[in-house]
Amino acid sequence: MTMTSGRTNTQRGGSRDAGLDLRSTLGEVRQRAPRRLGQWAAAVLFVVIVVLGLLALFQSQSDRVEVLAVTDAVPAGQVIEESDVRSVEVAGVTGAIPATDIDSVVGKRAASGLVEGQVLTDAALTDELVPGEEERVVAISLPNGRVPGGLSAGDVVSVIVVPVEGAEGSSEQLEAPAVLSQAASVQSVGDTPEGTRVVTVLVDAGEAEQVAAYSAAGQVTIIQAPLSSRDTAGE
């Protein structure tokens, strides 16, 4: 009887141990499952991000087109030759002339001074002689922040002297900046692949040299003039 009882107790103890082991194993499985699900979710999210990035890169590359840009500076009125232009890939430049249309460009004149790297548009070219005897056309290269939004050909601007971009400048420069041209007529507004804006302006012959010199030094900005100034400039 004693042996039977001991065997029974042993069996019961073994059953309890087996039950504990089973519950412990099930607990571990439950703990591992969320971890594996989290790892799978992270992996899927990473793949999605990579795919979206590749799609965005492909889209930006597909938006770029081959257009014509100026190889070297071209003065206003000079006849455009094939060596004056080159093919570049850009995106988002409105009115840019496709590289395949180079034959329509060669032989025309620069409607205003063109700077190296400037993307060519129809507005930058003409078949007429420019400028007049007492006028000069000057190209001003400016950062985006120094060009009024919506500026276009026909607008009138004042050209003033300012400190070089990033410099503080003297109080005299800031409080009473020198005016180089009071009513310059905008001939065209263009862009370069580097992201700067090229504003070509028609000024009096006596103002042209200073405007060009200060522009080359990066010390000019422009202010769009009121309509009354535009009317005065046109008279």
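Is Val50 buried, exposed or partly exposed? In this predicted model, Val50 is partly exposed, because its relative accessible area is 38%, between the 20% and 50% cut-offs. The residue is found in helix H1, which covers residues 2-62.

Together with Phe46, Val47 and Val51, Val50 forms a nonpolar patch. The four residues have about 360 Å² of accessible area together.

Now move to strand E8, residues 197-204. This strand is mostly covered. Seven of its eight residues are buried.

Which strands pair with E8? One is E5, residues 135-142. E5 and E8 run antiparallel and share eight bridges. Here Leu142 has Arg197 of E8 as its bridge partner. Another is E7, residues 179-191. E7 and E8 also pair in the antiparallel sense, over six bridges. In this pairing, Gly190 stands opposite Val198 of E8.

E7 and E8 make a hairpin. Five residues lie between the two strands. Gly195 sits in that turn, with a positive phi of about 100 degrees.

Return to Arg197, the bridge partner of Leu142. Its side chain meets that of Asp191 in a salt bridge, with an N to O distance of 2.9 Å. How many salt bridges does a search of the whole structure find? The search finds one.

How values were computed
Residues are numbered from 1 along each chain as its sequence is written. This is a predicted model: local features need pLDDT of at least 70, side-chain atom pairs count only at pLDDT 80 or more; totals for chains, interfaces and linings use all residues. Side-chain values use heavy atoms; hydrogens and water are left out. Patches are made of residues with over 30% relative accessible area and no salt bridge: like charges are joined within 9 Å, nonpolar side chains (Val, Leu, Ile, Met, Phe, Trp, Tyr) within 5 Å. Accessible areas come from the Shrake-Rupley method with a 1.4 Å probe; for residues, only the protein chains shown count as cover. Helices (H or I, at least four residues) and strands (E, at least two) are DSSP runs, numbered from the N terminus. Buried means under 20% relative accessible area, exposed over 50%, partly exposed in between (1.4 Å probe, protein chains only). Two strands pair if DSSP finds at least two bridges between them.
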